[in-house]
Amino acid sequence: MKIPALLLAPLLLLFSLPSVAIDLINDEVRSRENPRALYSQVNENLHHLTGNESKAELSTLAMELGLSQAEMFHKLQLTLRLNMEPGVEISDRHPDNDALLNLLDTYANSRYQQAVTLMLKGRVQGRNKIQYQKAIAFYTQAQDLVRHEPGVQGLVLKYIIYDHLGSLNQLIRQYATALSHLKELQEVSIKLNNNYLRAHAEASLGVYYNKRRDQGRALEHFTQALRLANREPQPQLLAMMNFNLAKVHRDMQHWQDALTHAHDAAKGFELTGNYPYLSNTMTVIAMTYGEQENWHKAIDYYLNAHQIDVREGNRISQALNMHNLGEAYSKLADFANALTYLDSANQFFREKQLNHYLVYNEALLAEVNLDAGHFERALYHASESRNYAHAKKLLPEQIDAMMLQAAAYSAIGDKDKAFETQKAVIELKVLPGNKPQPTATEDGALSQQQLKLALSNRDIKIDQLTEKQRLQSRVVIGGAVVLVLLLISLLYLHQSRRQLKLETSKLMDELKQDCNTDHPGNRALMEALALRDTHATLILLELSEHVYPELAKGQYLACAEYRHQLSAIEEISSMRSFALTPGLMAVLVEGHYSDNALVAQLSERLKLPSLSAGIIPLPLLQTEEIVVEPEIQFETAQMALSAARSLPFDGKPRFVGLYPLDFAPSVIFAHPLYLKLDKSIQRGLIRVSCSGDKTAIQWPEFCQSASHED
């Protein structure tokens with residue numbers, strides 16, 4: 001019997017996977033356990049690269065090195081990834097990270113390689129540029145590309161992506177999302193069936209639960225991780241296990257166990273040359289002493305960690321240690337040193353826009369300034385912490401900051417403000433939506449363990465049955481597996497496409513909103529103009545007293561006021577408002593009305609006599625068959641507003657309206673628009689209405705010679 005080629009190809013692929021898997025999994029383990037040695041190996045022969053090579057030149061180099069395209073790509077991506085690993089001394093003989101990314105972009109020729117490149121872009125954003133949101137966006141794109149990637153290479157890439165997404169989401173305090181990714185990491189590690197990678201996945205879950213103060217679960221995962229790690233002892237992995245166990249025992253107040261594990265971890269990290277984690281271990285020891293109120297010893301270890309971070313150039317760890325030093329010195333009432341370290345940390349966090357760290361650093365600055373008697377500074381920092389916590393939707397931290405605000409108000413003698421703030425705290429605490437809800441994760445923990453056991457038993461039985469029947473129907477089983485996987489993939493692809501359409505629709509709606517006010521913006525205006533099917537009036541408003549309000553009042557207050565003005569206009573019947581820029585908005589009115597009446601109504605509603613308005617009727621041409629593009633309509637209103645702004649201010653609103661006559665040709669509404677409108681005004685094709693003397697209008701550049709008569 002002849003085997004169909006369609007079935008034979010997938011079977012051959014299945015039987016050929018183990019040889020590929022060994023290299024990929026081994027490289028992944030080595031990149032984590034001994035990145036310096038692996039870097040020395042893969043970095044060979046790359047000093048010839050300049051970073052500007054074309055795809056053809058890279059292919060030529062691969063042939064000279066005796067590498068296939070896939071092997072050359074793997075070598076390049078591994079080099080870039082190892083460049084960002086702690087303890088690796090980067091060679092100055094090959095291109096920098098951005099240049100290597102460009103090479104990978106150029107050389108990638110498959111969805112898998114494109115996904116690897118996106119993953120590395122995310123790594124560069126998160127590791128080198130400290131842009132966590134951008135990093136997550138790149139990782140998510142890579143995840144979408146590799147979602148259906150078959151074989152071990154897809155599993156290894158998913159393992160890396162889930163690992164990094166789990167860490168990044170914890171940094172920005174998106175804990176539910178982080179847990180989801182870490183569970184995916186655990187599942188992928190089981191499929192890869194490698195003790196090292198499984199141990200790392202279990203340890204990652206332990207780190208998560210320890211941060212969430214669920215030390216029981218954390219200890220369970222760390223114990224499992226240590227059991228797996230001991231099957232194939234590796235010094236770096238064992239050091240990491242001891243490091244994590246030290247943190248758990250510290251949080252459980254098992255001081256001696258915490259210090260024992262921490263010192264064992266420090267020896268391991270020093271042996272492997274992993275100085276960034278050696279610094280973190282010093283910090284754990286310092287915190288352990290701090291929890292015991294032994295602040296002098298804590299400061300000694302914080303300073304040791306700080307020296308390592310300075311030597312390694314790790315700016316984030318330096319700033320975090322300065323925060324810790326500030327806290328330690330404040331406990332000893334050494335407020336001068338405490339404020340020096342905390343201010344330095346604050347400056348770095350602000351430079352890098354690390355707002356999640358600023359929530360806590362600003363709060364600690366407020367607390368120390370209160371203790372030091374600097375009440376005005378304490379109030380400022382408490383307010384900053386409250387703002388950051390509110391923006392991050394961190395309710396407990398927001399309440400803590402408000403309590404510090406109340407204490408500062410009380411200290412400076414403003415009892416009313418102190419009372420108002422305390423009242424706001426009480427109201428915030430009793431809001432129904434702010435009460436903690438039980439998590440389904442905790443309630444279903446036992447069921448999950450039972451399900452995993454059942455699945456494991458089922459897999460064993462299936463393996464036994466498959467072994468007995470292997471000689472009877474090997475080809476048939478292989479074909480059936482392929483067909484089932486294909487069906488599952490098609491169903492999953494259908495669901496993914498449906499979900500993608502929903503997400504795309506949601507994102508398109510968000511794109512139409514102004515980023516500062518969440519109010520319909522320029523895109524929404526263009527859509528409204530394109531879909532308009534009735535007579536209307538378009539008004540561009542400039543609120544003269546409110547040009548550049550963010551400079552005069554600050555971004556927060558300016559946006560709030562702008563949002564209020566837009567909402568006030570929306571309350572007027574038959575009017576819609578659109579946010580353009582602070583101090584400038586568009587209003588779309590159903591029907592045609594007197595210019596004076598419209599402007600007077602808007603001025604009264606906004607309580608602004610100094611506004612300027614550019615007005616045009618819609619449609620601009622009476623011939624229904626001729627459509628004027630929304631961009632042309634908007635630019636025509638811009639010219640009218642420009643003219644209105646040039647009128648002398650006499651205490652009343654200024655406006656200019658442009659009204660094409662019935663016989664005006666459509667050709668006047670084309671680029672260069674201002675020049676053609678200028679000529680049309682001169683020739684009497686456009687009537688000009690004005691709130692003042694038309695001869696006082698100063699037209700834009702193309703309109704300097706325009707007639708000011710109708």
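**Group meeting talk: cysteines, rings and salt bridges**

C559 counts as buried, at 10% relative accessibility. Buried here means under 20% relative accessible area, exposed means over 50%, and partly exposed lies in between, with a 1.4 Å probe and protein chains only. Before I go on, the ground rules. This is a predicted model, where local features need pLDDT of at least 70, side-chain atom pairs count only at pLDDT 80 or more, and totals for chains, interfaces and linings use all residues. Residues are numbered from 1 along each chain as its sequence is written, and side-chain values use heavy atoms, with hydrogens and water left out.

Seen from C559, the nearest cysteine sulfur is that of C515, and C559 is in no disulfide. C515 counts as exposed, at 69% relative accessibility. C559, as I said, is buried.

Next, the aromatic rings. Rings of Phe, Tyr and Trp (its six-membered ring) pair if their centres lie within 6.5 Å; planes under 30 degrees apart are stacked, over 60 are edge-to-face, and the rest are tilted. That rule gives nine aromatic pairs. One of them is Y175 with Y208. Centre to centre they are 6.4 Å apart, with 65 degrees between the planes, which makes the pair edge-to-face. Where do the two residues sit? Y175 is in helix α9, residues 175-192, and Y208 is in helix α10, residues 195-211. They are 33 residues apart, and the pair links distant parts of the chain. For the record, helices (H or I, at least four residues) and strands (E, at least two) are DSSP runs, numbered from the N terminus.

Both tyrosines are covered. Y175 is buried at 15% relative accessibility. Y208 is buried at 7%. Ring pairs also bring in Y209, giving a cluster of Y175, Y208 and Y209.

The test is NZ of Lys or CZ of Arg within 6 Å of the ring centre and within 35 degrees of the ring normal. A further case is R687, whose charged end sits over the ring of Y659, 4.7 Å from its centre.

Now salt bridges. We call one when a side-chain nitrogen of Lys or Arg is within 4 Å of a carboxyl oxygen of Asp or Glu. The count comes to 15. Which residue does R173 pair with? E397, with the closest N and O atoms 3.2 Å apart. That pair spans 224 residues: R173 is in the loop between α8 (151-171) and α9, while E397 is in helix α20, residues 395-411. R173 is partly exposed at 24%. E397 is buried at 15%.

R217 and D214 meet at 3.7 Å, N to O. R217 is buried, at 15% relative accessibility. D214 is partly exposed, at 22%.

K512 and E527 come next, with 2.7 Å between the closest N and O atoms. K512 is in the loop between α24 and α25 (522-531), and E527 is in helix α25, 15 residues apart. Both are partly exposed: K512 at 22%, E527 at 34%. There is also a network, in which salt bridges link E28, R32, R81 and D163.

Now the surface. L483, L486 and L490 make a nonpolar patch of about 300 Å². Patch members have over 30% relative accessible area and no salt bridge; like charges are joined within 9 Å, nonpolar side chains (Val, Leu, Ile, Met, Phe, Trp, Tyr) within 5 Å. Areas come from the Shrake-Rupley method with a 1.4 Å probe, and for residues only the protein chains shown count as cover. L490 belongs to helix α24, residues 474-511.

Two C-alpha distances to finish. A640 and A613 are 27 residues apart in sequence and 7.6 Å apart in space. A640 lies in helix α29, residues 630-645, and is buried at 0%. E571 and R605 are 34 residues apart in sequence, and their C-alpha atoms are 9.5 Å apart. Is E571 buried or exposed? Exposed, at 58%. E571 is in the loop between α27 (555-570) and β2 (575-581).

How values were computed. A disulfide is a pair of cysteine sulfur atoms within 2.5 Å.
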